[in-house]
Amino acid sequence: MSNRCGQPATASASVEVPPAQRLRGVSWVASDSTTEAEILELERCHVTWLTQTPFGWQADSASPAVTLVTGGRRRIFWGEADSGLVHTARLARRHGIRTMLKPHIWLRARGQWPGQIQMRTAADWQQWFASYTTFILHYARLAEQHHLEALCIGTELRHTSVGHEKQWRQLIRQIRRVYRGQLTYAANWHDEYEKIQFWDALDYIGVQAYFPLSKATRPDTATLRQGWQPYLREMARVQRKFKRPVLFTEAGYRAIPAAAAAPWEWPNGRQPAPIDTAAQAACYEALFRACWRQPWFAGVFIWKWYPGLRPDSPARRRADFTPQHQPAEQVLARWYGQ
């Protein structure tokens, strides 16, 4: 297989990713436009990759149908439509920033998330995989046609990825036939990535790296680095087994005192948390100090980055995940600039 964006995955157990080849990424939030000034903000932080996230729509966790929406009459953000994805990728490429297309499933049922997707019958599983294949092959062809450098073939689909190795290997073969870029899958940090058996068919072991590091409020960097150690050992074990580098397909922390306790938790508008930008910055520093020099570490996509975000924006006021206009952004830029 030819490869647009670096060395192909090696067959050596001692995978080493040169620092210059690490993916310095952010997770781009779709909007109704993308401007050159917004891309330049990434360039100033030494960002070299971004993810773009279109959605497939599913009624609930037991529905076997995934609906593909690419624009047209159904209202979605322009940045999630095919035209917006392509425009943003082209604009980023002008500034040396590559794109990983990372489609997600959105469950319409309130309170459900993709990790709960699980069919009730074998027939439903067959229908779900057929529907999902149609969905993801659309984006594989789009990525190939417009030379997007990487594709994430799924995100946090635990009950589909664990126990359905045959179906995923078949899907990966179908994707490889139409797309020549690099492939990964974004597995949940807990009870998924370490159980997946098809990593050797992909270029990266993808981890949604929301590992809890400390229950304390405002823990220091040394405590946070210590919190990383058991996870690093487990990732190294999986890496040795499958001989693929590890890529953090997402990692991020809110600007709150307990940022390291449950990093996956979204802001709760009914229970606003006090803003603590120093705690967020400490989590960033610990992430890079613990992970960046691991020889098998391929890089990270920080969750998340709002194009054109102002210092007084609502995202700042509600202690969102973004590092923008906060000390965490300086940590990010320093490490990405090395």
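Student: How many aromatic pairs does the structure hold?

Tutor: Happy to start there. This is a predicted model, in which local features need pLDDT of at least 70 and side-chain atom pairs count only at pLDDT 80 or more, while totals for chains, interfaces and linings use all residues. Residues are numbered from 1 along each chain as its sequence is written, and side-chain values use heavy atoms, with hydrogens and water left out. Rings of Phe, Tyr and Trp (its six-membered ring) pair if their centres lie within 6.5 Å, and planes under 30 degrees apart are stacked, over 60 edge-to-face and the rest tilted. By that rule, the number of aromatic pairs is 33.

Student: Is the pair formed by F198 and W199 stacked, edge-to-face or tilted, and what is the angle between the planes?

Tutor: Buried means under 20% relative accessible area, exposed over 50% and partly exposed in between (1.4 Å probe, protein chains only). F198 is buried, because its relative accessible area is 0%, and W199 is buried with 0% too. Their ring centres are 6.1 Å apart, and the pair is tilted, with planes at 45°.

Student: Which residue lies over the face of W292?

Tutor: W292 belongs to a cluster linked by ring pairs, whose members include W189, F211 and W264. A charge sits over a ring if NZ of Lys or CZ of Arg is within 6 Å of the ring centre and within 35 degrees of the ring normal. At 5.7 Å from the ring centre of W292, the residue is R22.

Student: Which residues have the most contacts inside the largest nonpolar core?

Tutor: A nonpolar core is a set of buried Ala, Val, Leu, Ile, Met, Phe, Trp, Tyr and Cys residues joined through side-chain atoms within 4.5 Å. The largest one has 94 residues, and the two with the most contacts inside it are W228 and F248.

Student: Which helix gives the largest share of this core?

Tutor: Helices (H or I, at least four residues) and strands (E, at least two) are DSSP runs, numbered from the N terminus. The largest share is eleven residues, and it comes from helix α3 (residues 122–145).

Student: Is H147 buried, exposed or partly exposed?

Tutor: H147 is found in the loop between α3 and β7 (150–155). There H147 has a positive phi of about 60° although it is not a glycine. Because its relative accessibility is 44%, H147 counts as partly exposed.
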